[in-house]
Amino acid sequence: MQRNLYGKNSDLSYELSRRKMKGIKIRVEKDGTIAISAGKTVPNKDIDAFVLLSEDKIIKVREKLKNTIYYINENCQFDEGDIFYIWGEKYIINRSKSLNKTPEIKLEDKIIAISSKSQNPQKDMETFLRNQCKIVFEKLSQKVYNTLEEYKGEKPDLVMKKMKSCWGICYYTKNKITLNTRLAYFPKTLAEETMYHEYIHFIYHNHSKEFYSLLNKYTANRKTKN
């Protein structure tokens, strides 16, 4: 449930989740939004008061996040001159009007050229990134399938989805991998590591020592958080 709340110096609106717990827990997400977990009997006014008391801490966390790729992309308004990252590369937004209803987005020498009649550039960019992901993920899946000697199954189906809490999910009983389209924000090495991570879950269904030993064999000893 979304609750609107404003402090002395900032918007403190938050997403509230009721759980079987005592008290209140606050978390500032990577995009700067606030998530609150609270016991089912805690009054809303007490939660609001708790968030207001935490305003200074929330501001400090948001300040630290402001220079991160995730925060910049998630808060981009796609105005002329805005910054946006694709596959870890920094681009500047260039907007131009068009009579064509179909959005046209091109990457040109560190410029993202957006030409569209659409009034929803965020949605246009999501579609563009999804198409980017489809190409890159298919290539990476083929690479992992060809190089992961320990994997004996068929090449899994790939599903793309915008997710907050993980980069990928392996459904080993369905021979399917779901990948986070937000991977397109970061260097392709992260997407490759994630692909190995999920493929190896077909072999080891948990994060055992054997799982990480095999993952490290293919990802230069870097563990991907999942």
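Before the first click, a word on burial: a residue is called buried under 20% relative accessible area, exposed over 50%, and partly exposed in between, using a 1.4 Å probe and protein chains only. Helices (H or I, at least four residues) and strands (E, at least two) are DSSP runs, numbered from the N terminus. What you are looking at is a predicted model, where local features need pLDDT of at least 70 and side-chain atom pairs count only at pLDDT 80 or more, while totals for chains, interfaces and linings use all residues. Residues are numbered from 1 along each chain as its sequence is written, and side-chain values use heavy atoms, with hydrogens and water left out.

**Stop 1: helix 6**

Select helix 6 (209-218) and colour Phe 211, Tyr 212, Leu 214, Leu 215 and Tyr 218, which are buried. Look down the axis of helix 6: these buried residues fall within an arc of 160°, so they line one face of the helix. That arc is taken from the directions from the helix axis to the C-beta atoms. Show helix 4 and helix 5 next, as both are among the elements covering the buried residues of helix 6; contact here means heavy atoms within 4.5 Å. Just after helix 6, check Ala 220, which takes a positive phi of about 55°.

**Stop 2: the largest core**

A nonpolar core is a set of buried Ala, Val, Leu, Ile, Met, Phe, Trp, Tyr and Cys residues joined through side-chain atoms within 4.5 Å. The largest one has 42 residues, and Phe 84, Ile 86, Trp 87, Ile 112, Met 125, Leu 129 and Phe 137 touch the most other members. Elements that each supply at least two residues of this core include strand 5 (83-86), strand 8 (111-115) and helix 5 (188-200). Which element gives the largest share? Select helix 4, which brings 8 residues. Then zoom in on Met 125: leaving aside neighbours within four places in sequence, Met 125 is in contact with Phe 78, Phe 84, Ile 105, Ile 112 and Ile 114.

**Stop 3: helix 1**

Ile 47 leads you to helix 1 (residues 44-53), whose buried residues are Ile 47, Asp 48 and Val 51. Those three cover an arc of only 100° around the axis, which puts them on the same side of helix 1. Lys 45 and Leu 53 are exposed on the other side. For the cover over the buried residues, show strand 1, strand 2, strand 3, strand 4 and helix 2 (55-65), all included in it.

**Stop 4: two loop residues**

Select Ser 10, in the loop between strand 1 (2-3) and strand 2 (14-19). Is Ser 10 buried or exposed? It is buried, with a relative accessible area of 17%. The side chain of Ser 10 makes a polar contact with that of Glu 55 (3.1 Å); such a contact is a pair of N or O atoms within 3.5 Å, where within protein one must be able to donate a hydrogen and the other to accept it, and residues adjacent in sequence count only if both atoms are side-chain atoms.

Finish at Glu 29, in the loop between strand 3 (24-28) and strand 4 (34-39). Glu 29 is buried too, with a relative accessible area of 18%.
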